[in-house]
Protein chains: 2
Amino acid sequence: MPAIGDVARLAGVSKATASRALSGRGHVAADTRRRVQLAASEIGYIASPDAASLVTGRTKNIGVVIPFVNRWFFGAVLDGIERTLLAAGYDLTLYNLPVSGPERSRVFEFFLARKRVDAVIVIGVDLTPGEIGGLERREKPVVCIGGSGEVTARLTIDDHGVGALATSHLLHLGHTRIAHLAGVGATSQPASVAGLRAAGFLETTDAAGLPLLADESSAGGPGAILVEADMGMPAGFAAGLQLLGHPAHRPTAVFAASDEMAFGVIRAAERLGLSMPRDLSVIGVDGHEHAELFDLTTIEQSPTEQGRLAVEVALRMLGGEGGGGGAPDPLPDSGAPMPTRLVVRGSTARPAVA
Amino acid sequence: MPAIGDVARLAGVSKATASRALSGRGHVAADTRRRVQLAASEIGYIASPDAASLVTGRTKNIGVVIPFVNRWFFGAVLDGIERTLLAAGYDLTLYNLPVSGPERSRVFEFFLARKRVDAVIVIGVDLTPGEIGGLERREKPVVCIGGSGEVTARLTIDDHGVGALATSHLLHLGHTRIAHLAGVGATSQPASVAGLRAAGFLETTDAAGLPLLADESSAGGPGAILVEADMGMPAGFAAGLQLLGHPAHRPTAVFAASDEMAFGVIRAAERLGLSMPRDLSVIGVDGHEHAELFDLTTIEQSPTEQGRLAVEVALRMLGGEGGGGGAPDPLPDSGAPMPTRLVVRGSTARPAVA
DNA sequence: GGCGGACCCGGAACCGGTTCCATCGGCAAC
DNA sequence: GTTGCCGATGGAACCGGTTCCGGGTCCGCC
């Protein structure tokens, strides 16, 4: 493997000049620069990032922490992050975080503690104060997408508003017995995504005068039902079967906390022989790429765009403190939630008259 | 940030001894080792991987090249890889490879060419000879899962056999007009996964005396139909609508090259008002976690296990040439394809008598 | 008792870049 | 004609580890 010394010798200059010519920093005569670049490409020289980061302290590598790879939302965010980083010449090291257990702390205390990533992007994780403190102590910029925890940079949608919007959509259609399939932790972690959406649901139904029913087997008639489940399709299916099993207690509408859950509910309804949207209305959130296939009404967000933006924010935080170009450059839209959009399809309609 | 020199000073030893004590290589008195370890944890010392890899040439980091994040198969493989690497103390750098274009060559010629990964695991990519040559020139071990290309280590299932098995399952049930939804490149790239499965289909139908029909609009009656489409659910849906649109030309069974395609076909059939499996049988391949939900007959493989194994192979290749412990240790099951299993569910049955 | 070897440790070189500092030539301003 | 500054370049220190080499001690064995 050729080193920069080889390039320098071939071009007849010193290592210092070769480094300057190739990196573009400092003053080098145009002619010299060309000679060096020619020499470099001639012997197939490629700089060692390890050596560079050792002295500069910058690795051109950012860490991404994600709880599931195989959920559409997370995959889409990852996709947006990856493309943007690649274009910027950055590497992406992936940490698939177990929800809890010793593996989880190992990620934070060992992997992320090493000087291998310049910044960390955390997707959909409820960070503990200890975890945040550890990152801050090492002065690593952290950008969060969704999730919760007291962190400086966070990209998120208005989850409370999303819960309220989905619920009022169903209310406006005339539904009076509505179930919400919330993510796990909706009640135990009020600040989490699941918790915020559930809060939006509960406040809206309450304002509409619907009583909160204990569970899905509560006596029929108007009311709000809250059920917690994993945000995936199988859990949505199982919860759907449970929820829709008894005609007497059946809600006329379900607000699922994610599109994948909604898909599961739809299949459960079909399995039970219900006709949609006559017997049941379903609304989800995410804007899943399969939503159209299932004719699902949903509240769209743009995870890919969120990923792209998270990278931009992280890179800016890096450039700012390192001494990039101009002013500290405050983030343009700090605090403002990312946009969402209600897309009405065939899965929601007025309830059939009883 | 404390460096190893600080640890050494605190423990009253030299940098060399501190390094030996912490890494476990070389002889260090038990007492000295304890002193060093104590000093290290006292000041929160964490070794810099950059500095270490600079001198050893090993980065404890492996690169993973993947064409899609958001396809179940790839996500599941990635999951298996990630867990295994984490347990081994390795990092994982992710490269989301565009199917073609300048971005693709940039991944190989720039990102992977740098000395940042010890080995590369490539999932479901048809590698060109040039790309393989580039990796070999840099003496980087390459392990492939699926895909094609002349590479030393490859983990794969018997795709040709899978195609044949799925097809004969349908034939044995009595179907005589069968369509295969193949992946793109099935005809242009015979060595690809799509190509092999399609070949298995064609040979089996041919052996059964079914003529190959030009396209789905060919006259009714016995025959084999081959259609190429993207392996995702939306494409399966679209192809399904096309394929099943005309009752006169409709096949009685569809073999989809992936479960996600099969899901799409199932939804298309439902949309067209067909009843399954009375009007249509569908079989997929993968063993998708949602297969049970769709009651889909499929040929299961275990992507997570494949990912785990790929890491093991890669690590062994690294350990062997680097001078690990014992013998060169040939891979236990080199060449042998990974196991698959036919799981029959409700989506396949005898065709209704006409 | 002498000697070989295992064990333990410190000094110093080294990996491959980047950057500080010094030197030098040329040119404009006085 | 100096002075002073700027652009261009080379020498050398440095980042933070690992490892080679050599010296010293202690033990066992002939």
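Predicted model: local features only at pLDDT ≥ 70, side-chain atom pairs only at ≥ 80, totals over all residues.
Chain B is superposed on chain A by a rotation of 180° with 0.0 Å of shift along the rotation axis, the RMSD being 0.1 Å. That is the relation of a two-fold axis. Within chain B, the C-alpha nearest this axis belongs to B:Thr93 and lies 2.2 Å from it. The same surface serves both copies, in that 100% of the contact residues of chain B recur in chain A.

Between the two chains, 35 residues of chain B are in contact with 35 residues of chain A. On the side of chain B that touches chain A, at least two residues each are supplied by α4, α5 (72-87), β2 (91-96), α6 (102-111) and α10 (233-244) of chain B, and the largest share, eight residues, comes from α5(B). Sorted by class, this side of chain B comprises 17 nonpolar, seven polar and 11 charged residues.

DNA strand D is surrounded by 28 residues, of which the closest are A:Ala16 and A:His27 from chain A together with B:Ile4, B:Ala16 and B:Ser19 from chain B. By class, the surface near DNA strand D consists of 15 nonpolar, nine polar and four charged residues.

Definitions and conventions:
Residues numbered from 1 in each chain as written. Chains lettered and ligands numbered in written order. Near = placed C-beta within 6 Å. Nonpolar A, V, L, I, M, F, W, Y, C, P; charged D, E, K, R; others polar. Contact = placed C-beta atoms within 7 Å. Helix = DSSP H or I, 4+ residues; strand = E, 2+ residues; numbered from the N terminus. Least-squares fit on C-alpha atoms with pLDDT ≥ 70 in both.
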